[in-house]
Amino acid sequence: MTSRRQLLKSAVLGGGAGVVAATALGSLGPEAAFAKAAPDVEPGTPDPNFAEGRIRSIKDNTLFVLGSNWVFHRIRVVDGTSLWKLGPVAFDQAKPGDGLYARGVRMPDGVLAAESVWFNIVNVKGHIQNITSEKVHLDHNGKQILCHLVAGKSVAVYSDAPPSADLSQLRVGQHVQVLGAWRPDTNEVDIATVFSPH
Amino acid sequence: MHGIAAPQPYVIALFLIWAALMKLLSRRMRAQAGQTALARLVGAARAVPALRIVAVLELAVAAALLLPPASPLDGVAATALCAGFLLYLTYGRLAAPASSCGCLGSHARPVNWRGFGRAGLLLAMSVAAIWAGPYPGGATLVAVGMVEAIALLALSAELDHHWLTPLRRLLVRVRKPLAVVSPQDIPLEVSLRLLYASPAYCSASAWLTSDVQDTWDEDGRRFVVYAAHGRTAVFAVPLSGGDPSAVRVALIEEPALT
Amino acid sequence: MARSQSTDPPVDLLGPVQGEVSWFCCGAAWGPCSTTGKGACGTCNSGSLQHAWPNTSDACWAITRPDSCGVGMSRRTCGFSHRTTALCSGTSVVTTIADCGPQTDLFCGERSCCGATCASNRLIDLTPAAYSRIASLSTGLRPCEISVP
């Protein structure tokens with residue numbers, strides 16, 4: 001185990017608690033937490049601290065991304081950036097052609113210093129047309145999306161019940177929401193979570 | 001040709017009568033008229049009257065096909081109507097791909113290959129009907145008619161919930177295609193949902209500035225790490241037990257990461 | 001003819017209302033969003049602070065039918081602003097209506113919880129830019145409070 005993990009583990013087991021100690025938060029202050037809610041961006045307009053698009057190329061720790069409205073983004077990934085591709089991943093998992101959403105802080109030079117990057121994340125709602133071997137066939141606005149069950153990763157959340165790795169309670173004909181990772185240039189998705197209303 | 005043509009008028013007519021009655025009598029269908037390609041063609045306000053006009057046309061052609069005297073013109077009328085259907089579907093696919101057909105039922109799903117297949121089959125049957133004489137006989141021709149009727153029904157997506165969905169449900173019950181084979185690894189998402197339910201997460205969530213940075217399992221716990229305004233928030237989530245109050249959290253000032 | 005709406009006053013006119021919030025993509029973006037289009041208002045974009053509302057028109061209401069879940073929502077049209085606050089974290093975002101949704105009646109009674117605070121029924125959908133301001137996109141669905149800023 002890395003020394004960073006050792007440090008974090010001993011901190012939470014030694015000094016951690018059921019809730020965050022007020023003293024630990026004191027220097028942060030509530031204004032830091034609610035800074036995100038401050039009206040710095042006009043509602044309805046593009047958020048400069050957010051980027052979406054497909055990766056065109058990767059150089060060092062920077063992702064060069066072309067947005068859907070032809071805007072070009074440079075997204076810098078640092079040690080503190082969280083990266084998601086069906087779960088937390090390392091930077092070497094980023095590939096040209098991946099779609100992404102990124103949230104961070106826009107620097108004066110136009111680069112987005114990323115706090116979080118989600119690769120190929122999709123959140124589609126639709127009717128289950130059919131269920132075949134480890135696959136859910138989803139009808140999403142008339143288009144079929146093939147959703148793959150990934151052993152050890154996919155879970156089903158049935159309303160507010162604890163999530164289960166057992167997806168067998170899903171029924172053909174019901175409506176669900178699938179949060180997962182799109183397989184680029186296909187109509188297929190790897191399932192992270194299936195939300196079922198019952 | 002004369003033989004095969006014989007049952008066509010009956011199958012086509014029954015199908016047209018059914019489609020017409022659905023358009024005239026189904027309140028749900030009228031309620032969803034605004035989402036059909038027909039509404040796109042004539043305007044949403046005229047969609048329901050347009051549906052009624054189409055229904056009357058369908059009834060008229062069905063009557064011509066069923067009632068004596070039998071004439072090749074009956075088949076020609078049916079052919080013209082079915083050619084119109086095919087053109088309408090093509091228009092819908094090109095001009096309003098997300099719109100539904102409004103042909104037979106009240107489902108709002110867009111037109112797909114089955115809709116085109118059905119319209120194509122009806123057109124072929126209508127062309128054959130031009131050569132149909134009166135009063136067909138024989139078990140073979142009845143069988144032909146029944147096969148065509150079944151094909152039309154199978155191509156009608158509006159009817160799936162009567163037979164296709166129950167069939168698929170039965171197959172899923174039998175085959176269990178999503179059964180968990182080796183439930184050894186507890187997916188991360190299970191731990192995260194427990195985390196979201198915990199007082200620890202509630203107290204810290206306003207300060208989190210990233211998604212999960214890192215996670216690992218040790219000693220029956222799953223450690224989950226987030227960034228928190230320049231600091232690091234680490235949670236210890238029990239891997240078994242499922243008690244949200246057992247989740248622990250700490251906010252740490254880490255040495256600068258180079 | 002669209003069915004008439006519930007005769008009870010919409011709950012969001014009486015004050016903030018609690019429900020579930022999810023996110024959706026719009027605009028000609030990547031993945032399954034490539035053919036989604038710019039939403040019912042013609043302006044929707046994944047990178048903008050916008051949301052979908054279940055009662056933007058009669059046609060919209062006919063699809064979403066929140067009254068089927070016992071919730072009446074007021075008629076608000078394109079460009080109207082709402083504030084969505086994540087329950088238990090308290091972070092919020094103000095967005096404007098750019099589309100019709102979510103399909104509330106297909107998820108009636110579904111509940112989400114943050115800590116011990118729970119809310120039922122999907123009442124609002126945010127763009128990825130807006131949702132990521134109050135929660136991680138990977139959470140997919142969260143309880144929230146909707147108010148008028």
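Leaving out residues up to four places away in sequence, His73(A) touches Ala51(A), Gly53(A), Val65(A), Gly67(A) and Leu112(A), where contact requires that the C-beta atoms of two residues, placed from the backbone, lie within 7 Å. This histidine belongs to strand β3 (residues 72–76) of chain A; helices (H or I, at least four residues) and strands (E, at least two) are DSSP runs, numbered from the N terminus.

Is His73(A) buried or exposed? His73(A) counts as buried because it has 24 C-beta neighbours inside 10 Å; a residue is buried if 20 or more other C-beta atoms lie within 10 Å of its own, exposed if 12 or fewer, and partly exposed in between, with C-beta atoms placed from the backbone. Ala156(A) is 83 residues away from His73(A) along the chain, and the C-alpha atoms of the two are separated by 34 Å.

## The model and its confidence

This is a predicted model, in which local features need pLDDT of at least 70 and side-chain atom pairs count only at pLDDT 80 or more, while totals for chains, interfaces and linings use all residues. Residues are numbered from 1 along each chain as its sequence is written, and chains are lettered from A and ligands numbered from 1 in the order in which they are written.

For the complex, the predictor gives an ipTM of 0.91 and a pTM of 0.84. Chain A has a mean pLDDT of 89, with 90% of its residues at 70 or more; pLDDT is the predictor's confidence in each residue, from 0 to 100. Within chain A, however, the pLDDT is below 50 over residues 29–39, a stretch that has 11 contacts in the model beyond near neighbours in sequence. Where pLDDT is low, the predicted coordinates should not be read in detail. In chain C the mean pLDDT is 90, and 95% of the residues reach 70 or more.

## Chain A as a whole

Chain A contains three helices and 12 strands, and 41% of its 198 residues count as buried. Among its contacts between residues at least 6 apart in sequence, 50% join residues at least 24 apart.

## Where chains A and B meet

In this interface, 52 residues of chain B are in contact with 53 residues of chain A. Among the elements that give two or more residues to the side of chain B are α9 (160–175) and β3 (231–238) of chain B. That side divides into 30 nonpolar, 11 polar and 11 charged residues, where Ala, Val, Leu, Ile, Met, Phe, Trp, Tyr, Cys and Pro count as nonpolar, Asp, Glu, Lys and Arg as charged, and the others, Gly among them, as polar.

Leaving aside neighbours within four places in sequence, Ala204(B) is in contact with Val20(A), Ala228(B), Ala233(B), Val249(B) and Leu251(B).

## The barrel of chain C

Six strands of chain C close into a barrel in the order β1-β7-β2-β4-β3-β8, with mixed pairing; two strands pair if DSSP finds at least two bridges between them. Within chain C, strand β2 (residues 50–53) and strand β4 (residues 92–100) run parallel and are joined by four bridges, and Ile97(C) in β4(C) is the bridge partner of His51(C).
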